[in-house]
Amino acid sequence: MAIFSVYVVNKAGGLIYQLDHYAPRAESEKTFGFPLELVLRPHDERVLVAFGQRDGVRVGHAVLAINGLEVNGRFTGDGRDVLEYLSSPANFPVSIRFGRPRLSSNEKLMLASMFHSLFAIGSQLSPEQGSSGIEVLETDTFKLHCFQTLTGIKFVVLADPRQAGIDALLRKIYEIYSDFALKNPFYSLEMPIRYPLLLGQEQQQGPASPPPVTGAALEAAASSPLNV
Amino acid sequence: MSRSANRRQENHKISRELFVLTYGALVAQLCKDYQQDEDVNKCLDDMGYNIGIRLVEDFLARSAVKKCRNYSETADIIAQVAFKRYLGVTPSVTCTKWNEFSLILDKNPLVDFVEELPAGRSSLCFCGLLCGAIRGALEMVNLAAEVTFIHDSLKGDEVTEIGITFLKKVEDKKKKKNK
């Protein structure tokens, strides 16, 4: 998918909507014997591969599951420390699933508010008066596009660097926001936008089903940027 | 009367009568609920405010207006783009002071079916919702304003005149205190 994620940030810097649209993640499950050839290292709340890239397991991948049981941060499903578990030969052979780590919702909240601050700094650093904030942030694997409305809401889209038409997509997302979030009488301004039940249903039915709800509409807009 | 409905990329126009009658019914019900005109006016203003804070995003999303550089541009945009889009009329703008503007409506669509205000309701601001909406919309783009009816055709004046007084611009940059 060319569009990776969509974030909507309110005036105060809080994340009010987030949508992930990643391609199927690279995950690999392998059985290992003692001693483990990979070098694992704890980082934040996860255990990451620091060295020893081989087959499908790359540096930076996190431990997702051990013996089929999902890992909970640095601890296994049954509460034992992962590194400790993997350092005792009695537990081997063990089957470990590695994959790209997913951002938790707290991390996303934090990153959104950090981006909000950077956006403000961007406009203050400018040598010209009245500059806009950060509009595009480019890395080698993705491009972040940000559109701030005159009312202070920011729409952030992470997309493939080669993807064109993101400006139109951002305007479209703004229209969808004004339609589905704001015109809903029970939605309070600046609050998180949640339509969990309908989002699940609509995702299965696809964009043609009426009435489209925020999540499905954004999903549809994100998956067809060239049709915008 | 045209108003965008929640259909994909289509501007559905609804019946003008439906809109005007609905508004009239709303005001009539409020008059039944409240004895005092001031209460009704306040209620209409609050409702208008709640509409305005949401409508402004729809307006900004759909009409590609750029950021206004001064009050006069703002008043022009309100009159020529916003009123045209939502009510189908274009009031004329006059500037009385550097921060005071008047929108003069020859024809007010909301009072199509109203002959005159009922007896005992002489200080009722029938279109108070419009004032609240303009005030709410301006507040969302950090322009504090006072919006009132200067002249009202229902009260015997020739035209309907809405006065917008821009107050001090709200600074939206947070000033961080030194910790």
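**Chain B: confidence**

Chain B has a mean pLDDT of 85, and 88% of its residues reach 70 or more. Next select residues 1-9 of chain B, where the pLDDT is below 50. Beyond near neighbours in sequence, this stretch has 27 contacts in the model, a contact being heavy atoms within 4.5 Å. Then go to residues 172-179 of chain B: pLDDT stays under 50 there too, and the model has 4 contacts beyond four places in sequence for them. The scores of the model are ipTM 0.80 and pTM 0.78.

This is a predicted model, in which local features need pLDDT of at least 70 and side-chain atom pairs count only at pLDDT 80 or more, while totals for chains, interfaces and linings use all residues. Residues are numbered from 1 along each chain as its sequence is written, chains are lettered from A and ligands numbered from 1 in the order in which they are written, and side-chain values use heavy atoms, with hydrogens and water left out.

**Chain B: the fold**

Show chain B as a cartoon. Its secondary structure comes to 4 helices and 4 strands; helices (H or I, at least four residues) and strands (E, at least two) are DSSP runs, numbered from the N terminus. From the N terminus on, the order is α-α-α-β-β-α-β-β. Of the 179 residues of chain B, 43% count as buried. Buried means under 20% relative accessible area, exposed over 50%, and partly exposed in between (1.4 Å probe, protein chains only).

Select Ser102(B), in strand S2 (residues 100-105) of chain B. Is Ser102(B) buried or exposed? Ser102(B) counts as buried because its relative accessibility is 3%. Its side chain and that of Glu161(B) are joined by a polar contact of 2.9 Å. A polar contact is a pair of N or O atoms within 3.5 Å; within protein, one must be able to donate a hydrogen and the other to accept it, and residues adjacent in sequence count only if both atoms are side-chain atoms. Not counting residues up to four places away in sequence, Ser102(B) touches residues including Val93(B), Ile150(B) and Gly163(B).

Move to Asn142(B), in the loop between helix H4 (128-140) and strand S3 (145-151) of chain B. Asn142(B) is not a glycine, yet has a positive phi of about 65°. Asn142(B) is buried, with a relative accessible area of 17%.

**Across to chain A**

Show both chains. Here 24 residues of chain A are in contact with 18 residues of chain B. Select Lys183(A) and Asp58(B), whose side chains meet in a salt bridge (2.9 Å, N to O). A salt bridge is a side-chain nitrogen of Lys or Arg within 4 Å of a carboxyl oxygen of Asp or Glu. Between the two chains the count is 3 salt bridges. Now highlight helix H3 (residues 166-182) of chain A, which gives 8 residues, the largest share of the side of chain A that touches chain B.

**Loops of chain A**

Select Asn67(A), in the loop between strand S6 (62-66) and strand S7 (69-70) of chain A. Its phi is near 55°, positive in a residue other than glycine. Asn67(A) counts as partly exposed, at 43% relative accessibility.

Finish with Pro35(A), in the loop between strand S3 (27-32) and strand S4 (39-43) of chain A. A cis peptide bond joins Phe34(A) to Pro35(A), with omega about -10°.

Methods: pLDDT = per-residue confidence, 0-100.
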